[in-house]
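The model under discussion is predicted.

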Amino acid sequence: MTTLDVPARHLSGDIDRPRGGAMAALVRHSVALARRSLIKTVRTPEALIDVTIQPVIFLLLFTYLFGGAIAAGDRGAYLQFLLPGLLAQSLALGGIALGQNLNADIEKGVFDRFRSLPVARSAPLIGAVAADVVRYLTVCVFMLGFGTLMGFRVETGFVPAVAAVALSIGFGLCFCWISVWVGMLVRTPGAVQGVMFLLIFPLSFGSNVFVQTDTLPGWLQAFVQVNPITPLVSTIRGLLIEGPVAHNLTITLAWMAGLLVVFVPLALRAYARRA
Amino acid sequence: MSDLVVRAEGLRKRFGKTQALDGVDLAMRRGTVLGVLGPNGAGKTTAVRVLATLLRPDEGYAEVAGIDVLKQPARVRRRIGLTGQYASVDEDLTGTQNLVLIGQLLDLTTRDAKKRAAELLEWFDLAEAANRRAKTYSGGMRRRLDLAASLVGHPEVIFLDEPTTGLDPAKREDMWGVVRTQVTQGASVLLTTQYLEEADALADEIVVIDHGRVIAHDSPDGLKRRVGGLTLHVRPADPARVPDVMRILDAVAAPGTAASADTAAGARPGAVSVPVAEDTALDHAVPALRRAGVELVDLGLHLPSLDEVFHALTEGTPHSKESELV
C-alpha cells in the first residue's frame, strides 16, 4: 500500500451545508440511490420475471383457459376486456419486489452506511421507489406488446394509450409504498411477499379485472365498488378501449394521493425506527 | 476546541429484556485510538451505533467532534466514517460504483467522487478489481472496500466495529497499518475488538465493556499491569526436557512468580508457561535454552487472553447475575 496524499478535508465551503440547499441535496441523493437500484436491476435480469413473464402467463392463462368459458367463446372480446385489468394487477404485484429488496438491504447492513451519511432519511426510500419506474414501464411494454401479438388492439389512439401507460406507472409508484412499509416492518423478504399477496389477491380478484361486476352477488359488488383497483381498471379500459374516463380518473387520482399521504409517512417512520 | 473528540455519559439502551448499555461513559482524545474491548454481546456494537447516530439511546448524552449526537445528528454524520461489523458493501455494484455512490451522498461532485474512489481503491490494493462486482471479492477485499467506503469523506472520527473479525493474521496486520495511517493523518479512531492483542497493537487507551458497563478504562500498559502482563510459552520437542525448561524459565519469571507446566484443561501437556515482566525475558530465555541443548517446537510471548482480562478485572467483585445463572 502506498501513502495517500491528503486533500483538504473541507472540500467545498461550509461543511455543514449541503451543496445547493436541502431540497437540491434530497433530489441529488435520491437520484444517486435510484441509479444504484437501476444498476442492480440491470445486473440481475432474472429479478424482472415478475414484471415480464409472470404477467404474460396470467394473460395466456385467463385468455385461453378461462376466457372461452367466461365470455361464451369469444376469446378476442375477453382479451380486450382482460388486458387493462391484468395490467393493474401486474402493477400492484410488481411493487412487491421493492419491499423485499429494501428488507434485504436493511438486513445486510447496507442501509446502516447510508444512515451514517449526511443524507435525508427519506432519500434511500425515494431513490429505490423512483428506480421502480423502470419495472412498471416494463410491465406496460410486455403486456401491451405480448397482448398485441395475441390480438389485443388499442381502440382509442396513441395519446390516450400513452396516458394509460403514464397513469399505470403513476399508480404503481403510489401503490408500492405499501410494499415499502411492509418491507420495513417484517423480518424477511419472504414475509413481505406473503403479506402483500394477502393484500393484493382480494383486491385484484374482488374487482372488475376478470369479470363484469354485475355478474357478482350483491355483497361482493359492494366490495368491488369501494376497491381502488376498480376505478383504475375502468380508467385504463376507457383510455385503451372506450368509455368515459373523467369520473373514474378523478377517483383513481384521489386514491393515489391517499396512498401517498398514508403510506409514505408510515414507511418513513418504520424505516427510522428499524435500527 | 475540546481535546475530547468523543464523549459519552451515562448511555443506556434496552432491547426488550436485554440491557445492552447500562450507563456507559466514554472519552476519546483527539488524534488517538480508543480500543473498546469486550466479549460478544457486551454492548460494544450498540455503543458504536449510538455514537454513529444510527440508534437513539434511552438515556444519556453523547458528543462527537464537539457536536451533540442526539440534537444534531446530521452535523455529526458529516464528520464520521463507519465500518460495521459485517462488510456492508453493495455486492451488485463494482468497487468503484460503491465508493462513487458514497462520495455523491457526501455531496462531492461526480468528478471528485470518481477521483476519490480511484485514490482509495489504489491505496487499498483494489485498483485491479475496481471494475469488478463486489460479489466476486474475497472476504479480505470486501473488508478493505468497506473500510475505504468509510474514509471517502475524510472523516474526523472513524468508527470501526470489529474491523478484523474473520480476517487471517496477515490481512489483520494490513488493517492495523491502515488504522495507524489514518491517525497519523489526523483522524481519531474508535474501534471495537474481541482481541486484546489488537487493542494492544493499536489503541492509546482501552475501555473494557462487559454486560453494558465499562469495567476498566486504562492505557494498554496499565491494563496489562492490572491483569498480569505477558506469558512466555515454551514447548520442548522432547517432553522429557520439561523439568530443564522449567528450571531455565524460573530464572526469567516476573518477581513473585514461577514457571509451571501447562496442565489447564484442554491444553496439550509437555509445555511450560511463565509470567514475565517484559518482553526482554526472551533475550535471556532463548540463549539459555540453546546452551542447555533443548530443541523447541514452539516458543511464544502471549498477552493474557480476553478471558483472563475479564477474570482479573472482575476478581473479588461479585459477578453479574447472568453468570450466576449459568
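## Contact between the chains

In this predicted model, the contact draws 30 residues from chain A and 33 residues from chain B. On the side of chain A that touches chain B, the elements giving two or more residues are helix H1 (21-43) and helix H5 (110-115) of chain A. H1(A) provides the largest share of that side, with seven residues.

By residue class, the side of chain A that touches chain B comprises 15 nonpolar, five polar and 10 charged residues.

## The sheet of chain B

Chain B holds an open sheet of four strands, ordered E2-E1-E4-E5, with antiparallel pairing. Strand E2 (18-29) and strand E5 (67-68) of chain B are the edge strands; each has a single partner strand, so one side of each is left without a neighbour in the sheet.

Within the sheet, E1(B) and E4(B) run antiparallel and are joined by five bridges. B:Glu9 stands opposite B:Tyr61 in E4(B). Helix H1 (residues 44-51) of chain B lies across strand E1 (4-15), E2 and E4 of chain B, and runs at about 120 degrees to E1(B).

E4(B) and E5(B) form a hairpin with two residues between them. In the turn, B:Ala65 has a positive phi of about 55 degrees.

Definitions and conventions
Residues are numbered from 1 along each chain as its sequence is written. Chains are lettered from A and ligands numbered from 1 in the order in which they are written. This is a predicted model: local features need pLDDT of at least 70, side-chain atom pairs count only at pLDDT 80 or more; totals for chains, interfaces and linings use all residues. Two residues are in contact if their C-beta atoms, placed from the backbone, lie within 7 Å. Ala, Val, Leu, Ile, Met, Phe, Trp, Tyr, Cys and Pro count as nonpolar, Asp, Glu, Lys and Arg as charged, and the others, Gly among them, as polar. Two strands pair if DSSP finds at least two bridges between them. Axes are lines fitted to C-alpha atoms, for helices over the stretch in contact, and angles run from 0 to 180 degrees between N-to-C directions.
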